[in-house]
Amino acid sequence: MYRNTVLICGGTGCHSNHSAEIYDKFVEEIAAKGIKEDVLLVKTGCFGLCAVGPVVIIYPEGAFYSTVSVSDVPELVSEHLIKGRLVERLIYKDKEVVTKALSETNFYKSQTRVALRNCGVINPEDIDEYIAYDGYQALIKVLTEMTPEEVIQTILDSGLRGRGGAGFPTGLKWRFCRNAQPDETGIKYVCCNADEGDPGAFMDRSILEGDPHAVIEAMAIAAYAIGASQGYIYVRAEYPIAVSRMRIAIGQAKEYGLLGKNILGLGFDFDLDIRLGSGAFVCGEETALMTSIEGKRGEPRPRPPFPANKGLFAKPTVLNNVETYANVAQIILKGPEWFASMGTEKSKGTKVFALGGKIVNTGLVEIPMGTTLRTVIEDIGGGIPNGKKFKAAQTGGPSGGCIPAQHMDVPIDFENLAAIGSIMGSGGLIVMDEDNCMVDIAKFFLLFTKDESCGKCTPCRIGTTRLLEYLDKITSGKGELSDLDEMEKLCYYIKDNALCGLGQTAPNPVLSTLRYFRDEYIAHIVDKKCPAGVCKALLSYEILDTCKGCTLCARNCPVNAISGAVKQVHKIDQSKCIKCGVCMDKCKFKAIVRK
Amino acid sequence: MEEIKMVNLKINGQDVSVPAGTTILDAARKAGIKIPTLCYLRDINAIGACRVCVVEVKGARSLVASCVYPVSEGMEVTTNSQKVIEARKTTVELILSDHDKNCLSCVRNQNCELQRLSEELGCDAKRFGGAVNTFDIDATTPYIVRDNNKCILCRRCVAACKNYQGLAIIGTNSRGFATHVGAAFDKDLADVPCVGCGQCINVCPVGALHEKEEIDDVIAALQDKSKYVIIATAPSVRIGLGEEFGYPIGSNVEGKMVTAMRKMGFNAVFDVDFAADLTIMEEGTEFINRLNNGGTLPMLTSCSPAWIKYVEHNYPDLIPNLSSCKSPQQMFGAICKTYYAEKLGIDPKDMVVVSVMPCTAKKFEKGRANQSAAGVPDIDIAITTRELAKLIRRFGLIFNELEEGKFDAPLGISSTAGLLFGATGGVMEAALRTLADVLEGKELDKIEYTAVRGTQGIKEAVVNIAGKDVKVAVASGLANAKVLMDKIRAGEADYHFIEIMSCPGGCVNGGGQPIKSAYERNNLDIKALRAGAIYAADSKSELRKSHKNPIIKELYDNYLGEPNSHKAHKILHTSYEARKKY
């Protein structure tokens with residue numbers, strides 16, 4: 001029996017802030033103090049509040065220590081673990097209020113963790129911990145008590161929809177595949193889309209890193225439902241921790257007889273392999289993903305045929321996203337009514353969002369569908385830092401759109417987001433404040449999709465390039481008002497004509513910013529100004545008469561564009577200025593302004 | 001027989017009934033509606049990439065590519081709404097925005113599908129400005145030039161290489177706007193196991209691929225009065241050439257072709273069909289020797305230079321199976337520069353032999369090792385059917401008005417067995433005609449071997465000759481050849497003699513033949529139409545067996561001795577080398 005349990009976050013954010021060294025230091029300190037028998041150290045998956053990582057939680061007190069460094073470990077050991085006294089200076093402070101337990105924080109209070117339930121709770125490298133938290137109970141229930149059709153009906157009744165972006169009813173997808181006539185080999189496949197590629201989104205990664213067995217169990221359930229005996233997890237090679245934990249998990253599941261031939265002696269075979277993607281965004285598109293698993297260049301193919309009929313290696317295939325799978329076992333165990341009781345009319349359950357951008361609590365949050373954007377940003381996310389004003393939230397990654405302040409109170413679900421010109425997508429949520437130029441934001445996302453286009457179809461390969469060129473023209477001050485109409489036309493053309501979802505949604509960031517922030521476009525075109533002060537070609541820095549002639553700006557200018565004698569007002573040579581803004585940052589007298 | 005399920009739909013309000021699985025494109029064609037296409041090629045390239053063939057389907061979220069979208073019951077399709085027309089126009093305008101529009105000096109000027117589409121759709125070629133990709137032109141091989149500045153990424157060449165030839169030498173490299181077609185790791189075409197068949201050229205809708213032209217060399221040779229310039233045409237050239245001058249597919253224009261060449265000023269206008277007859281003598285004798293003396297079997301024909309290169313790269317272990325005979329082109333050049341030069345008393349160095357071929361790989365073959373019977377290359381210049389047409393135009397000859405001419409003697413005299421070489425199965429049929437007579441020791445009435453005719457990829461037949469069953473096979477298209485080679489390698493084939501032609505359908509469909517648009521390729525059986533002209537000419541001929549060609553007899557009697565003699569070997573046979581793949 002351990003006196004204390006120490007959870008150390010091993011998620012990506014904390015890991016890159018040396019949480020592995022913190023873990024090692026704990027091991028060393030505990031051994032040195034002779035309390036090895038009393039303390040259980042657990043390296044967990046992501047807790048979600050990445051902004052304050054590395055995170056350490058010590059039970060039974062549930063003390064929530066944030067921004068812990070390796071040098072803090074001896075104090076945590078001697079004070080908390082030996083003397084039983086909290087180390088106040090490391091305890092997380094929620095809006096200046098010292099909050100001792102994780103569950104008390106604003107960040108966690110409004111969350112409902114279903115897909116993320118085990119992340120930050122269990123050791124993902126130990127199957128016994130997963131089993132201790134009801135792991136593989138759903139699989140056993142399915143194999144012993146349910147017919148495949150009952151499994152599908154349960155998933156249908158729960159209202160679970162694909163978390164990868166499009167929101168297709170998962171149960172329906174399974175039913176299509178179950179009903180699909182396989183070829184003479186009788187082979188069907190189950191695949192998992194772990195090719196998370198939206199900039200800023202990392203929920204799938206966190207699930208794979210923090211609760212890999214949840215995905216394995218759900219895939220086995222899906223395989224049983226559709227009649228498959230082989231599965232593939234397609235995961236980005238850029239997720240090494242996820243890949244290694246998934247490998248460990250698959251190995252342990254095989255060892256326990258939960259994967260492989262004749263699972264648990266119940267006559268069901270299911271094996272699982274990992275396929276690594278090499279980072280092409282388009283490989284998150286289902287047909288491109290399967291083409292890539294087949295060993296070919298990852299490019300989408302026309303549909304129909306749909307994967308449910310002809311998917312991987314032209315066999316009937318079910319492909320779901322990681323987060324979708326992470327809900328499955330609980331729906332089986334707690335019943336579809338439980339899941340359907342959360343959310344809105346058409347969007348049931350919860351959704352994980354990756355909060356990023358101009359927000360205090362960057363990290364991973366899981367909320368019931370129907371929660372408002374305001375709750376997510378202001379309560380859970382802690383609002384905008386530095387007293388700045390909220391301007392827009394970008395959801396759905398490069399395929400999504402920007403939601404302006406007037407829609408902050410719209411309940412988040414698939415339909416509502418679509419109605420206001422964005423999409424749920426995989427759940428990236430990037431917050432923008434008054435310092436963000438919306439034309440520049442549109443450019444950023446479009447540049448991403450343009451670069452990630454596979455180059456197969458004309459609208460995406462050339463259309464996005466031309467669209468981006470319009471944006472470049474506008475942000476460099478050469479835009480004309482007629483460009484806006486041409487851009488809009490081109491946007492709708494691309495949406496209507498591109499081969500796959502990547503191209504069809506690529507214009508969304510442009511269309512949604514044109515819809516809500518057209519005045520910013522017009523300011524760029526007519527006034528030749530960037531209201532947010534981002535687009536360099538439309539900026540100028542000027543030195544006011546209040547300049548004291550301290551020469552600091554001139555000494556820091558990287559291109560020697562500033563001249564002036566000591567104690568005289570200085571001057572910027574606009575033809576040399578590269579608009580880096582260093583002068584303004586350095587000026588101690590606020591004598592330099594950006595116009 | 002299984003009943004074919006019919007599907008009823010409406011296209012532009014018109015009721016259409018087509019078998020289930022039909023695409024919207026084909027259903028529309030049946031209803032008399034031509035939907036424009038660009039990337040689509042029946043059987044080999046249904047990828048929905050270019051988006052030119054989009055149509056509106058009621059209830060669909062976006063426009064759909066009709067070339068890949070199957071019909072369904074009750075579907076309502078509109079092929080000509082303003083939305084569709086605008087979309088197609090924008091697509092082509094976008095393609096034009098990243099295309100080297102130097103049309104006036106393009107090899108495909110006036111024979112370009114993009115040009116035609118642009119005109120049909122009323123495109124503004126300058127609507128979109130912006131960045132344009134620039135690529136180095138790959139002219140590293142003697143046969144194919146790739147100019148990616150003109151490539152529109154329809155991937156038809158990629159599909160031809162992969163699906164016709166089973167090679168996949170080229171694919172798409174890079175991504176997004178930088179996407180381009182190239183060999184693995186963007187290697188030069190000369191550094192990869194490309195066989196030079198030119199099928200990629202034939203399917204290219206624009207000027208991104210063309211043969212390395214030798215037209216200027218021909219003109220220069222004709223100007224040089226110190227040279228004795230011979231021109232000779234391969235069997236298929238007379239069948240394809242007319243298409244360049246408005247004749248329907250499958251027209252035999254031998255007479256006008258001969259006159260045109262004569263009017264250009266060649267010293268002699270000969271026929272490679274003569275050398276095809278000679279090939280039958282040599283190859284037939286080689287086969288009999290192998291059959292009777294326990295030689296390596298099955299024997300594989302060696303007429304098709306892309307096929308030879310294919311074996312050298314991919315099946316070097318099967319090189320002993322290849323006939324050691326030079327191809328008809330090379331035999332022709334070799335006889336010109338030995339026998340005929342001696343006869344005329346001309347130094348072979350002062351002779352220029354121009355071959356006209358339906359083939360691009362011949363440009364490679366003429367430069368191979370051990371192809372110089374007289375110490376100088378057997379063939380100096382190898383041009384394609386297309387290049388001959390250009391020459392005719394450049395010389396201002398009004399082709400359609402030319403008189404019918406006849407090839408010069410002696411090397412223009414041939415049997416129509418030689419002509420058969422142009423169609424898949426033709427070499428085999430010509431060989432069987434001679435083998436049967438030779439082995440039976442008498443002239444047989446049986447002339448036509450229909451089992452080896454037809455455009456299917458692989459044909460097999462057992463022919464009883466002099467009491468012995470000879471098992472033969474014929475394949476065209478290297479993807480089909482591969483099937484046979486793998487069988488041989490695995491020891492599962494008991495054929496005696498196999499004819500392989502690299503190009504699907506044989507030389508009539510060679511990489512140097514007139515280029516047909518995708519619309520023609522998709523809706524006509526070009527291979528069969530052209531082959532039909534060959535069989536028609538043969539059926540009317542008096543001289544249908546190679547060994548009956550009087551000039552062949554004279555050549556052996558007065559010069560070579562007998563087939564496979566030491567001298568014949570020196571002049572008419574060659575050797576092969578294993579080549580690396582990458």
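Some ground rules before we look around. Residues are numbered from 1 along each chain as its sequence is written, while chains are lettered from A and ligands numbered from 1 in the order in which they are written. Because the model is predicted, local features need pLDDT of at least 70 and side-chain atom pairs count only at pLDDT 80 or more, whereas totals for chains, interfaces and linings use all residues.

Let's start where the two chains meet. The contact takes 25 residues from chain A and 27 residues from chain B; two residues are in contact if their C-beta atoms, placed from the backbone, lie within 7 Å. Which elements give two or more residues to chain A's side? They are helix 17 (438–452), helix 18 (458–475) and helix 19 (481–497) of chain A, and helix 18 gives the most, with eight residues. Helices here are DSSP runs of H or I with at least four residues, strands are runs of E with at least two, and both are numbered from the N terminus. By class, chain A's side has eight nonpolar, seven polar and 10 charged residues. Ala, Val, Leu, Ile, Met, Phe, Trp, Tyr, Cys and Pro count as nonpolar, Asp, Glu, Lys and Arg as charged, and the others, Gly among them, as polar.

Staying in chain A, please find strand 7, residues 189–194. Six of its six residues are buried, so strand 7 is largely enclosed by the rest of the structure. Buried means that 20 or more other C-beta atoms lie within 10 Å of the residue's own, with C-beta atoms placed from the backbone; 12 or fewer would be exposed, and in between is partly exposed. In a regular strand the side chains alternate between the two faces of the sheet. Here Tyr189(A), Cys191(A) and Asn193(A) point one way, and Val190(A), Cys192(A) and Ala194(A) point the other way.

Who are the partners of strand 7? It pairs in the parallel sense with strand 8 (residues 230–236) of chain A over six bridges, and Tyr189(A) stands opposite Gln230(A) there. Strand 7 also pairs in the parallel sense with strand 10 (residues 317–321) of chain A, over five bridges, where Val190(A) stands opposite Val318(A). Pairing requires that DSSP finds at least two bridges between two strands.

Chain A also has an open sheet of five strands in the order 12-11-15-13-14, with mixed pairing. Strand 12 (363–368) and strand 14 (401–404) stand at the edges, each with a single partner strand, so one side of each is left without a neighbour in the sheet.

Now over to chain B, which is divided into domain 1 (6–80), domain 2 (96–211) and domain 3 (216–572), with bounds from an automatic or database domain assignment. The C-alpha centres of domain 2 and domain 3 of chain B lie 30 Å apart, and 20 residues of domain 2 are in contact with 25 residues of domain 3. On the domain 2 side, helix 5 of chain B supplies the largest share, three residues.

Last stop: helix 9 (residues 272–293) and helix 11 (residues 328–344) of chain B pack at an angle of about 100°, with their axes 8 Å apart. Axes are lines fitted to C-alpha atoms, for helices over the stretch in contact, and angles run from 0 to 180 degrees between N-to-C directions. Among the residues that meet are Phe274(B) from helix 9 and Phe332(B) from helix 11. The contact of these two helices has nine nonpolar, two polar and no charged residues.
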